[in-house]
Amino acid sequence: MAANTYRETVRERVLYNLVFFAILMTLSGLLLGQLSIRQDEKIVKDIGLASMDVFGSLIAIFIGVGLVSKEIERRSLYPLLAKPLGRGEFLLGKFAGLGFTLLVNIGLMAVGLFLTLLVTHRSADLHLLIAIYGIYLGLVLTVAIALFFSALASSSLLASVWTVCLVMAGRYSEVIRNMRQVTEVPPWLAQALYLALPNFRNFDVKDRVVYGQAVAGAELVTITLYALIYSGVLLGAASLAFRSRDLT
Amino acid sequence: MAPSPASAITISNLTKSYKAGFLNCQVRPVLVGLDLEVQRGEVFGYLGPNGSGKTTTLKILMGLVHADSGTASVLGSPLEKRDWRARIGYLPEHPYFYDYLTPGEYLDYVGRLFGLHASARRDRARDLLQRVGLSGVADVPLRRFSKGMTQRIGIAQALMNDPEVVFLDEPMSGLDPIGRRMVRDIILALKKQGKTIFFSTHILPDAETLCDRVALLRGGRLLKVGRLDEILSQEAPQVEVLVSGGCLDELPAGVQRQAIGERWRLEVAEAGLAQLLNAVTAGGARILSVQPIRQSLEDYFLEQMGLPPGGEGARGQGRWELQD
């Protein structure tokens, strides 16, 4: 299932986003040096990392939702689920397959970023890999959210909307925690929401890496566990919901 | 109903309803207390008009839809267990397969799900593609396939694991006459190998040709189940007599007559045949043929649905449903 999902994403031309990334990197590498003084290296790194995050998130959300919703709408999973393949395995295979696609995608983008830095005689610091790893963990969690909603929702549109909402809320969870300062929201509710929502800020170490600040190994372990446990809970819930769903 | 060793499929008191209407307030029953048993090695036809619950039954058996109540087992195992799934094949209604794959790749993928080795997958896929007439397009992506070709690949994937029981939901749907003939031949070949075939259809001549037994479903309720000869012989047998010339003014009561050019077609209950023949002979008419009228499954089906066989009402209300 995972291998076939990877094959599907490749044949559906998901990796074509790399072309846009390559163009973006080439332009930023060639032009930014002339536009800014000393800051150009940081800007190239920022653009490269932000592009990985944006392109990866778009793939994780929209392809992730489509992987299950599309199969339900087109009924292509009917003959598969009649075979010795559980619904939980089906979801896990989709998760692993898209996770691998994103790994390949972000890996190729990383190669592109390092090449741009090297070719334009800028510092290709290997610490960038830490920021890229953080981005990848966020994408893995995004895929889990997309699969969770696509297992619940009756249409891919609904699943996409819910996924985008939760990912956005998770990316700006600090705002929710600080709501109590500007609204009448009870502090416990704001705190509970903050803790329950996926906190994508945990994975965002881009700025620290670009500015040369250290990221502790313990922090990397913590965010890895956070991504894995949160994704695991979501996939478990998705599996339970999907098992009880009638495929009419 | 406990499954017997000889039964391939056992369904007991199966009930399913769907929610419908505004805020899902209405409950629409789709299956009502269905009891059914299919023996191993049978070709079993599951018949009924559109919306009678055929596909829902198959979906429940395949684990795609959950029954509200009742039990079912396949090859002696309850549906909840998954061990039997490696021993069955399933073709859904209006199938759709990964269109970015070629038929060869799709069958290979299906073979992987069954844990077949690479060489077995390759050999089996080649044989099946040949059997369904797709070996010439083994490397063409499925997105370029017509409906009939997709149906053929659906039949091939259902047979990839050499199943003991094959579930086919409207297998003739979308097929041209050659394709239908091919499916009929495949079903007959499977029967010869001792496989059990459970197929739903509303194309009655196919069922009549292929099935050992049939079940008739209407509104989610089982109307009739049995062997075709049992079902069709339950009505009082009629005989058709074809005559020409002579005087037919004094025929016995209960004889229906119909002019066909210069000839007359006379229909009478078998018990009154001798009296009719005497009257025809006495009138000086020439007897051209005498043959029993065999009720077709379609006639029986229409009768059960409350529609006159071959009448305008049938054409207007229900007969169109019998055509694919």
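Predicted model: local features only at pLDDT ≥ 70, side-chain atom pairs only at ≥ 80, totals over all residues.
How closely do the axes of helix H3 (residues 40-74) of chain A and H6(A) approach, and at what angle do they cross? Residues are numbered from 1 along each chain as its sequence is written, while chains are lettered from A and ligands numbered from 1 in the order in which they are written.

The axes of H3(A) and H6(A) come within 8 Å and cross at roughly 20 degrees. Here axes are lines fitted to C-alpha atoms, for helices over the stretch in contact, and angles run from 0 to 180 degrees between N-to-C directions. H3(A) is therefore roughly parallel to H6(A); angles under 35 degrees count as roughly parallel, over 145 as roughly antiparallel, 65 to 115 as roughly perpendicular and the rest as oblique. Helices (H or I, at least four residues) and strands (E, at least two) are DSSP runs, numbered from the N terminus. The crossing of H3(A) and H6(A) is right-handed, where a crossing is left-handed if the near helix is turned anticlockwise from the far one by less than a right angle, and right-handed if clockwise. Among the residues that meet are Gly56(A), Ala60(A) and Gly64(A) in H3(A), and Ile135(A), Leu139(A) and Ala146(A) in H6(A); two residues are in contact if their C-beta atoms, placed from the backbone, lie within 7 Å.

H6(A) also packs with H12(A), at an angle of about 15 degrees and with axes 8 Å apart. These two helices are therefore roughly parallel to each other, and H6(A) passes H12(A) in a left-handed crossing. The contact involves residues including Gly134(A), Leu141(A), Ala144(A) and Leu147(A) of H6(A), together with residues of H12(A) including Ile223(A), Ala227(A), Tyr230(A) and Leu234(A). H12(A) (residues 217-243) has a further partner in helix H5 (residues 87-119) of chain A, and this pair packs at an angle of about 135 degrees with axes 9 Å apart. H5(A) and H12(A) are therefore oblique to each other, and their crossing is right-handed. On the H5(A) side the contact uses Arg87(A), Gly88(A), Leu91(A), Leu92(A) and Phe95(A), which meet Leu235(A), Ala238(A), Ser239(A), Phe242(A) and Arg243(A) in H12(A).

The largest nonpolar core has 131 residues, and Ala144(A), Leu147(A) and Phe167(B) have the most contacts inside it. The largest share of this core, 17 residues, comes from helix H6 (residues 128-152) of chain A. A nonpolar core is a set of buried Ala, Val, Leu, Ile, Met, Phe, Trp, Tyr and Cys residues joined through C-beta atoms within 7 Å; a residue is buried if 20 or more other C-beta atoms lie within 10 Å of its own, exposed if 12 or fewer, and partly exposed in between, with C-beta atoms placed from the backbone. Leaving aside residues up to four places away in sequence, Phe167(B) touches Leu58(B), Leu61(B), Met62(B), Ile88(B), Gly89(B), Tyr90(B) and Phe198(B).

Chain B contains 10 helices and 14 strands, and its C-alpha trace spans about 75 × 50 × 45 Å along its principal axes. Of its 324 residues, 39% count as buried. The chain is divided into domain 1 (7-227) and domain 2 (238-293), with bounds that come from an automatic or database domain assignment. The centres of the two domains, taken over C-alpha atoms, are separated by 47 Å.

Phe44(B), in strand S3 (residues 43-47), counts as buried with 24 C-beta neighbours inside 10 Å. Phe44(B) and Phe199(B) are 155 residues apart in sequence, yet 6.3 Å apart in space, C-alpha to C-alpha. Most residues other than glycine have a negative phi. Asn13(B), however, has a positive phi of about 50 degrees although it is not a glycine; this residue lies in strand S1 and is partly exposed, with 15 other C-beta atoms within 10 Å. Glu170(B) likewise has a positive phi of about 50 degrees, but is found in the loop between strand S7 (165-169) and helix H5 (177-192) of chain B and is buried, with 22 other C-beta atoms within 10 Å.
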